[in-house]
Amino acid sequence: MTKYLLPSKEEILFAMSEQPLGEGAEAKVYKIHTNPKYMTRVSLDCPPLNELAKIINETPMIEQKNIFGERNFAQTLAYWKDPENPEQPLLTINFYCPGISIEVHKSGRPKPDPEEALIRTKVLSETILNLPDSAFDKIYDDLHFLSSRKHTLDVGGGLFTNTGNILYSAVDNQMFIIDLQPFMADYPGIDKNQTKGFNTPLYLTRGLMPGAYCYRNEHAQDPDLIKYRTEILEKIISGAERNNLNDVGGYLRGNMDKMLGYWEAQLHILNIPEKYSENFLTRIGSVKDKQRYTISKDILTYVRVSGKDI
């Protein structure tokens, strides 16, 4: 196991006394500014800071094997268990992943006015469109690599990854996948013998479409947004063609015809003009698959703050 110079307990507690980088339905995330390669992900069920400090000081930190090398998926490197519920980690130490979420609205927070959200959706959509092809090639390479390590995009039990699990970094001019799950999971559960899990163009697509789910009704008819989404789909399908990754062998199993049924429904929801959708369906159904990395024999029990140990 590679040894990392992880932050001290004092640095972690200090970080938690500052403003969080973000907050989701499961955890708050704090950057450790005194050790900026790392951040800490803290369960929303954590006790107050003074009680948590006592737990951290009196219980051992457990290191998590990193099977992703120097790739950055904001993966867990170490964690503390909850003494009263050892199945659930209280907090984890993770690689810090640069960038901002391309999610327009986080669940559990007040929903912005549709007009306000539309501005944000358009700006983020233009940002994705302005990324070079190399940025899409990088994210496809990550999908290949994750499958080889028997890990996958986290879709939270739904049909598509959410845009909160993809970050955009203006400094790096690329995107980063965060919040992974292993193939062997209690829920939604991915059979260990599958080859891709959710790491397919079908699942990636909605992860790169700002506002596609949370404002699917309010923004469905906006002509500018339809144009942006059509162009983003062109980049996604071109990326699948260049990188030899199709939708067969993932969580939905089945053959390409079955996958195309999901694609057709998705294009309809996004209101993609028929003259483009027919071309997209033909092309995505013709992508030839080619595994890029040797499949790992290790099955890692990957610990993250998520309400369960998976």
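This is a predicted model: local features need pLDDT of at least 70, side-chain atom pairs count only at pLDDT 80 or more; totals for chains, interfaces and linings use all residues.
Let's start at Ser101, which sits opposite Leu167 of strand β9. Stepping back, β7 and β9 belong to an open sheet of three strands, ordered β7-β9-β10, with antiparallel pairing. The edges are taken by β7 (100-101) and β10 (174-177); each has a single partner strand, so one side of each has no neighbour in the sheet. Helix α4, residues 133-148, packs on this sheet, where α4 touches β9 and β10. The direction of α4 makes about 20 degrees with that of β10.

Now, on to a pair of helices. As a reminder, two packed helices are described by the angle between their axes and the distance between the axes. Here the pair is α6, residues 223-243, and α8, residues 274-284: their axes come within 10 Å and cross at roughly 15 degrees. Angles under 35 degrees count as roughly parallel, so α6 is roughly parallel to α8. The crossing of α6 and α8 is left-handed.

Which residues of α6 and α8 meet? On the α6 side we have Thr230, Leu233, Glu234, Ile237, Ser238, Ala240 and Glu241, and on the α8 side Tyr276, Phe280, Arg283 and Ile284. Sorted by class, the contact of α6 with α8 holds six nonpolar, two polar and three charged residues.

Next, helix α1, residues 9-16. Its buried residues are Glu11, Ile12, Leu13, Ala15 and Met16. And what covers the buried residues of α1? The cover includes strands β2 (27-31), β3 (38-43), β5 (76-82) and β6 (85-95), along with helix α2 (49-58).

I'll finish with two single residues. Thr121 lies in helix α3, residues 114-129. Is Thr121 buried or exposed? Its relative accessibility is 0%, so Thr121 counts as buried. Leaving out neighbours within four places in sequence, Thr121 is in contact with Val104, Pro210, Gly211, His219, Leu225 and Arg229.

The other residue is Gln194, placed in the loop between β11 (180-182) and α5 (201-207). Gln194 has a relative accessible area of 11%, and because buried means under 20%, Gln194 is buried too. Not counting residues up to four places away in sequence, Gln194 touches Phe183, Gly249, Gly250, Tyr251 and Arg253. And if you'd like a distance to check on screen, Gln194 and Gly99 are 31 Å apart, C-alpha to C-alpha, with 95 residues of separation in sequence.

Definitions and conventions:
Residues are numbered from 1 along each chain as its sequence is written. Side-chain values use heavy atoms; hydrogens and water are left out. Two strands pair if DSSP finds at least two bridges between them. Helices (H or I, at least four residues) and strands (E, at least two) are DSSP runs, numbered from the N terminus. Contact means heavy atoms within 4.5 Å. Axes are lines fitted to C-alpha atoms, for helices over the stretch in contact, and angles run from 0 to 180 degrees between N-to-C directions. Angles under 35 degrees count as roughly parallel, over 145 as roughly antiparallel, 65 to 115 as roughly perpendicular and the rest as oblique. A crossing is left-handed if the near helix is turned anticlockwise from the far one by less than a right angle, and right-handed if clockwise. Ala, Val, Leu, Ile, Met, Phe, Trp, Tyr, Cys and Pro count as nonpolar, Asp, Glu, Lys and Arg as charged, and the others, Gly among them, as polar. Buried means under 20% relative accessible area, exposed over 50%, partly exposed in between (1.4 Å probe, protein chains only).
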